[in-house]
Amino acid sequence: MTENAAPRYICFLCKRKFASAALLTKHKQLSELHRRNLTKQEEENQQRKEELRQAVAAVKRQVQEVDVALSKLETPEEALLTQRQNLEMKCRQAMSEYGQVQERLEISRHQQLCERQGDGAPAWSLSGAHETTLGRLLLSAGAASWQGNKDENEVGFDRRGAPCPGRSTHRGRHRV
Ligand SMILES: [Zn+2]
């Protein structure tokens, strides 16, 4: 029961363990199962993205309808205001999830590119540590380009990634 001592080489996508980094790399480059799982994952992410895109559009239409209804009233109705708040929250949630799916897609594509280059690839693309760094870079790039004016969502990335001295981002979590 002392298996934990040895480093593990795991393909999380296929849920398989390998005896060495080289075997894991070979699996990622050559395995038919791995390729199928990648395709499946990509399709699922694409589908989820489309669902979320439609959900965001639908919620935005609802917000507009509520706005029209509100504009016709002399005194705003409490129920409509609440409905509007709820819709906006729903919209933010869907957009944030959309961003996450998009990032997963981009990271996965980038990793596939690195892995496909195989022998010709520079050593860094095969090292776990650097892959993580690249993943983070992509994460922040994806977040920045996609989210635009929503800094609320950025907080999560700052917290996970490098410390961001420009602003304090302790919300919740670390209560002393
Ligand atoms: Zn695999």
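**Figure 1. Glutamate 97 in helix H3.** In this predicted model, glutamate 97 is part of helix H3. Glutamate 97 has 16 other C-beta atoms within 10 Å and is therefore partly exposed, since that class lies between the limits of 12 or fewer for exposed and 20 or more for buried. Lysine 49 is 48 residues away from glutamate 97 along the chain, and the C-alpha atoms of the two are separated by 8.5 Å.

**Figure 2. Packing of helices H2 and H3.** The view shows H2, residues 32-71, and H3, residues 78-116. Their axes are 8 Å apart, and the two helices pack at an angle of about 160°. H2 is therefore roughly antiparallel to H3, because angles over 145 degrees fall in that class. The crossing of H2 and H3 is left-handed. Sorted by class, the residues in the contact of H2 with H3 are 17 nonpolar, ten charged and seven polar.

**Figure 3. The largest nonpolar core.** Five residues form this core: Leu52, Val59, Ala94, Met95 and Tyr98. Helix H2 and helix H3 are the elements that give two or more residues to the core. H3 gives the most, with three residues. In soluble globular proteins, nonpolar side chains tend to be buried together.

**Figure 4. Lysine 15 in the loop between strands E1 and E2.** Strand E1 covers residues 9-11 and strand E2 covers residues 16-18, with lysine 15 in the loop between them. The phi of lysine 15 is positive, at about 55°, although the residue is not a glycine. Lysine 15 counts as exposed because it has 8 C-beta neighbours inside 10 Å, and the limit for that class is 12 or fewer.

**Figure 5. The annotated segment, residues 9-39.** The annotation "domain: C2H2-type" for residues 9-39 comes from an unreviewed UniProt entry. Over this segment the chain is 58% helix and 19% strand. The C-alpha atoms at the ends of the segment are 22 Å apart.

**Figure 6. Order of elements along the chain.** The chain has two strands and five helices. Read from the N terminus, the elements run β-β-α-α-α-α-α.

Note on methods
Residues are numbered from 1 along each chain as its sequence is written. This is a predicted model: local features need pLDDT of at least 70, side-chain atom pairs count only at pLDDT 80 or more; totals for chains, interfaces and linings use all residues. UniProt positions are given in the numbering used here, feature names are shortened, and annotations may be inferred rather than shown by experiment. Helices (H or I, at least four residues) and strands (E, at least two) are DSSP runs, numbered from the N terminus. A nonpolar core is a set of buried Ala, Val, Leu, Ile, Met, Phe, Trp, Tyr and Cys residues joined through C-beta atoms within 7 Å. Axes are lines fitted to C-alpha atoms, for helices over the stretch in contact, and angles run from 0 to 180 degrees between N-to-C directions. Angles under 35 degrees count as roughly parallel, over 145 as roughly antiparallel, 65 to 115 as roughly perpendicular and the rest as oblique. A crossing is left-handed if the near helix is turned anticlockwise from the far one by less than a right angle, and right-handed if clockwise. Ala, Val, Leu, Ile, Met, Phe, Trp, Tyr, Cys and Pro count as nonpolar, Asp, Glu, Lys and Arg as charged, and the others, Gly among them, as polar.
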